[in-house]
Amino acid sequence: LLAMLLDDETFNSAAPAPTVPVVMVTGGDTDPADLPKSVLEYYVSIEKVLEGEEFDNASERGLLEEKLLEQIKCDGLTRILYHWDCSRVVERLLVNCTSDTLLQVGQLLLPHVLDVACHNFASHVIELFIMKLVKEIRSKETAPLLELAELIFRKLCLNVPDLIANTHGSYTLRLSLQVLAGVRVEDEKKGRKRWEIGRHSFPETRDRHPALMKILHKFTKRLVREDVLQMMKSDQGAPLLSVLLMLLEQTSNKSLAQLKTVVLTSFNEKVSEYKGVEKFGPLPAVLLDSKGSYVIQALMKVSSKEELVSLYNTHFKDLIIPLSLHPVANYTIQTLLERAPTREIADSLCGQLVAVFEDLLAESITGVVISVIKCSHHHGLTSHNFTKILQDAFHLPDDQTQLFFRCLLSLTTHDILVVKMESYKKPTLSGKPRRDRFEATLAGSLLLQGLFKLGEIRLLEDGICGLSEDHIVYLGTDAQSSHALQAFLTSLTIPQTAKHRFIKTAVFVVDKLVTSPSGSRIVEAMWHAADNEIKAAIAQVMVEKEQMIKDNTYGSIVWRNCNLKSFKMGVKTWEDAERKKKRKIETFEKIINPSENNLDTANVVDINKGDNTSETKTEQDEEITLIKKKKKRKSEKVAVENLSDVPKKSKKEKRSANG
C-alpha cells in the first residue's frame, strides 16, 4: 500500500507530507522502560504532527498512519501502550483514523484486550478504540468491523470477574455497556481525565443498532450471572451495577426484573451499629454501606410506582428515623423522599422526619431536612409549618426573629450566635473595632433556597431585609450564600413588597456586586424583581461607574442585559423599551405556562399594577394604535412600490386616455 501511494500521480503532485523519521526497533518484552531514546523521540514528534493536523488531503494522513502502524507492529503494541507519552500517540491516531486503520489497530489489540483494559495508561486507548469502533459500525456497518466488535466484546465477557476486580478494567466495562446502549460520549478530552459520561446517562433510542443490541444482551446476561451481592460490596462493582440497572430499564425488562430480585435479597442481612451508647438497628446492612446504598438508590430510580410502594412498606416503613440519622443510610432516605410514589407516603415520611429536625441539624445531616422541604413542595403538602419547626429547632425566641435568617444561613443556634455577636463588639488588642463576620454555609444556603421556593418568608423577612450594606456585599459575592439571595429575589411565591425592601438597601452597593461572578447574578435578579422607579436608581448607580463596569467581564454582561445603553440615550426611551420588553416576557410566559401564570397571579402581590387598571388600558390602546399606524405605513409603501413598477405613460397617451 505504501508503494502504491508513492507511485500515485495525484499523491506526488500534492504538497509533500510532513517528514518524520521511521525508526525500526525489534525485540524486547512488554516493559516500556526498555524503549530506546530514539524511539521515544520519534513518537513525541509524531504526536506533534497528528495534533497539528498539517495535512492537505487524506492521502497524506493515510501514509503517515501506515508508517506509524508499521513502527507500532515493530516495537510491540503493549510496550507502546504501557508508556505515558507513546500511548497518547495511539490515542491521537484513533481520533480521526480511517476504518482500515481502526481494523489494523483492533487486530493488534485483540490478543491483549484484558491486559490493556486493566492498565493505567493503556485503558484510555482501548476505551477510545471501543467508542470509535461502535461509532463506525453505526455509520457504515461493514462485516469486518462487526466481526471485530464481536471478538473484542467476547474477550471482555469472558474476563468479567478480572475486569470487575480492577479499577481501570471496571471503568472500561462500564463505558462499553453505555456505548453499546447508545449513550453519547464526547470524542475529545483534555489531559488524562476519564471520558465524560453522565452518572445517570440514559441511552438514546435512535442510536440503537440491532447487531450492537445483540452484543449488549449477551454482555448483560453474563453480568447478571455474576455474584451480584459481592459486587455490591466492592468499590468497582457498585458503580457498574448502578449503570447496568439504568441501561436494562431501557433495553431489557426481563434481565432488569431478574437483577432487581437479586439486589432486593441484600435486605435480608441485618446488623446493629452503636454510636456511643445509642444503638442503631437491627438495620439492613446494605443501607449502612456506602457502596450498597449507592446501588439501592439506583434501584429506586428505575423502579415503578407500584414497586416503590412495595419497597417502602416492606423495608423502610418502620425504620425511617434511625436510617435518616445514620451518616450513610440518610442518602437512601433522601432518594426515597425524592421518589415518593404517592401523596400519602410523602405525608407519612415528612411527618416522621419533621419531628427529628433538631437531631438532624445537630448531626449536620441537613440534606434530609432540605429533601423534606422539597418533597412537601412537590406534593403540595401544607400541613407542616417549616419556619415554626425550624424556629424551635434553633431555639429562637419570638421577639428575635430578625436573627432567624442569620441562624439558618450559618446553621448556628440562637444562644451560640448571640455569644459570637457579643464577641464581635469587643475591640481588638490594638483598639480597632472587630468586623461583624456573617458566617454562611452551603447547607444553610440550600435550606433557605427550599424555604424561599415554598414562600416561607414570614419569619425571615425582617432578617434578610434588615441586612446592612456590608453584609449584602459579603453574602452577594459569596459563592454559597449568593444562591440563597437569588432564590429570594426570583421566587414566585414571595410578595414583591418584601423583595423591594431588600433591593432599596442593596441598590447602594450595586457597583460592588456587579463586577463579581456571584454578585452579577444578584444584580440581574434585582433588576427583574424591581419596578421602573427602582430600576432607574440601579441604572443611575451603574452609569456613574460605566467604564469600570464595561471593562469587567461580568459587569459588561449585566450592562448589556439591563439595556443601559438606552438609559444613557434618555429616560423616556429607556422606559418605553423596558415596558415593551416586560409585555413580551409576560405574553411569552402566558403562552408557555398558562396554568402556572394563573397560580402566580393569585398568590403574588404585584405592586406595579395596583388597583388602577386605567393606566394599563391606556397603554394597551396606545400599543394598538401604534400597530395600526405601522400596518397603514406598510400598505402605503407596498402600493407605492407597485406603482413604481408600472411604466409611465407619455403626455399623448394620457390625453388620448382622457378623450
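**Reading burial, contacts and salt bridges**

Guide: At 10% relative accessibility, His414 counts as buried, where buried means under 20% relative accessible area, exposed means over 50%, and partly exposed lies in between (1.4 Å probe, protein chains only). This is a predicted model, in which local features need pLDDT of at least 70 and side-chain atom pairs count only at pLDDT 80 or more, while totals for chains, interfaces and linings use all residues. Residues are numbered from 1 along each chain as its sequence is written, and side-chain values use heavy atoms, with hydrogens and water left out.

Visitor: In which helix is His414 found, and with which residues is His414 in contact, leaving aside its neighbours within four places in sequence?

Guide: His414 is found in helix 27 (residues 414-425), a helix here being a DSSP run of H or I with at least four residues, numbered from the N terminus, whereas a strand is a run of E with at least two. Once the neighbours within four places in sequence are set aside, His414 is in contact (heavy atoms within 4.5 Å) with Phe394, His395, Leu396, Pro397, Gln400, Leu403 and Cys407.

Visitor: How many salt bridges does the structure hold?

Guide: Side chains of opposite charge can pair when their charged atoms come close. A salt bridge is counted when a side-chain nitrogen of Lys or Arg is within 4 Å of a carboxyl oxygen of Asp or Glu, and the structure holds nine salt bridges. One of them joins the side chains of Glu307 and Lys260, at 2.8 Å from N to O. Glu307 lies in helix 19 (residues 305-316) and Lys260 in helix 16 (residues 253-264), so this pair ties together parts that are 47 residues apart in sequence. Glu307 counts as partly exposed because its relative accessibility is 35%, and Lys260, at 10%, counts as buried.

Visitor: Which parts of the chain does the pair of Arg501 and Glu461 link?

Guide: Arg501 forms a salt bridge with Glu461, with the closest N and O atoms 3.2 Å apart. The pair links distant parts of the chain, for Arg501 is in helix 32 (residues 496-506) and Glu461 in helix 29 (residues 461-465), 40 residues apart. Arg501 counts as partly exposed at 38% relative accessibility, and Glu461 counts as partly exposed at 21%.

Visitor: How many residues apart are Lys550 and Glu546 in helix 36?

Guide: Lys550 and Glu546, whose side chains meet in a salt bridge (2.9 Å, N to O), are four residues apart in helix 36 (residues 546-551), and are therefore separated by about one helical turn. Lys550 is partly exposed at 39% relative accessibility, whereas Glu546 is buried, with a relative accessible area of 16%.

Visitor: Which residues are linked in a network of salt bridges?

Guide: Asp235, Asp289 and Lys291 are linked in such a network.
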